[in-house]
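The following exercises are to be worked through with the sequence and the 3D structure at hand. Each task is followed by a solution in steps.

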Amino acid sequence: MSGISYVLDCGRCGGESTLYSSTETKPFEYNSGDCLKCGFSYFTKASLLNKKELVKLRKQMSFKSKKLTNEEKNNCGEFDNLYLK
Ligand SMILES: [Zn+2]
C-alpha cells in the first residue's frame with residue numbers, strides 16, 4: 001500500500017499526530033491517524049447506509065431516483081464479503 005504520511009496536530013488534544021493517506025488503494029481511498037500524545041486513533045471503515053438513510057441522502061443530493069430498485073437493494077456478493085465485514 002503506497003501513500004503519504006503527515007505529522008499533524010491532533011484534533012482531540014493538539015498533540016503530535018500522524019496521518020497516513022492513500023488515494024491509490026482500491027476500491028476506495030484510505031486514511032488513518034494516530035495521536036502520539038493521547039492515543040486518539042481513526043481509520044477509513046466501509047459500511048452501507050440503511051435504506052432509510054440512503055433515500056434521505058438521495059433527496060438531499062437531488063439524485064435522479066429517490067427509490068431503490070431491486071438491483072440496488074441486492075447484496076453485491078464478493079465486494080460486500082470483502083469490505084463489509
Ligand atoms: Zn491527541
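Two strands pair if DSSP finds at least two bridges between them; helices (H or I, at least four residues) and strands (E, at least two) are DSSP runs, numbered from the N terminus. The structure is a predicted model, in which local features need pLDDT of at least 70 and side-chain atom pairs count only at pLDDT 80 or more, while totals for chains, interfaces and linings use all residues. Residues are numbered from 1 along each chain as its sequence is written.

**Exercise 1. Describe how β1 and β2 are arranged.**

Step 1. Strand β1 covers residues 4–9, and strand β2 covers residues 16–22. The two pair in the antiparallel sense over six bridges.

Step 2. Within this pairing, tyrosine 6 stands opposite leucine 19 in β2, and serine 5 is placed opposite tyrosine 20 in β2.

Step 3. The two strands form a hairpin with six residues between them. In the turn, glycine 14 has a positive phi of about 85 degrees.

**Exercise 2. State the strand order of the sheet and explain which strands stand at the edges.**

Step 1. The sheet is open and has four strands in the order β1-β2-β3-β4, with antiparallel pairing.

Step 2. β1 and β4 (41–43) each have a single partner strand, so one side of each is left without a neighbour in the sheet. These two strands therefore stand at the edges.

Step 3. On average, neighbouring strands of this sheet are turned by 15 degrees against each other, direction ignored. For this angle, axes are lines fitted to C-alpha atoms, for helices over the stretch in contact, and angles run from 0 to 180 degrees between N-to-C directions.

**Exercise 3. Determine how many residues of β1 are buried, and what share of the protein chain is buried.**

Step 1. A residue is buried if 20 or more other C-beta atoms lie within 10 Å of its own, exposed if 12 or fewer, and partly exposed in between, with C-beta atoms placed from the backbone.

Step 2. Among the six residues of β1, the count of buried residues is zero, and the strand is hardly covered.

Step 3. In the protein chain, buried residues make up 2% of the 85 residues.

**Exercise 4. Describe the order of elements and the domains of the protein chain.**

Step 1. The protein chain contains three helices and four strands, which run β-β-β-β-α-α-α from the N terminus on.

Step 2. The domain assignment, automatic or from a database, gives domain 1 (1–46) and domain 2 (47–80).

Step 3. The C-alpha centres of domain 1 and domain 2 lie 28 Å apart.
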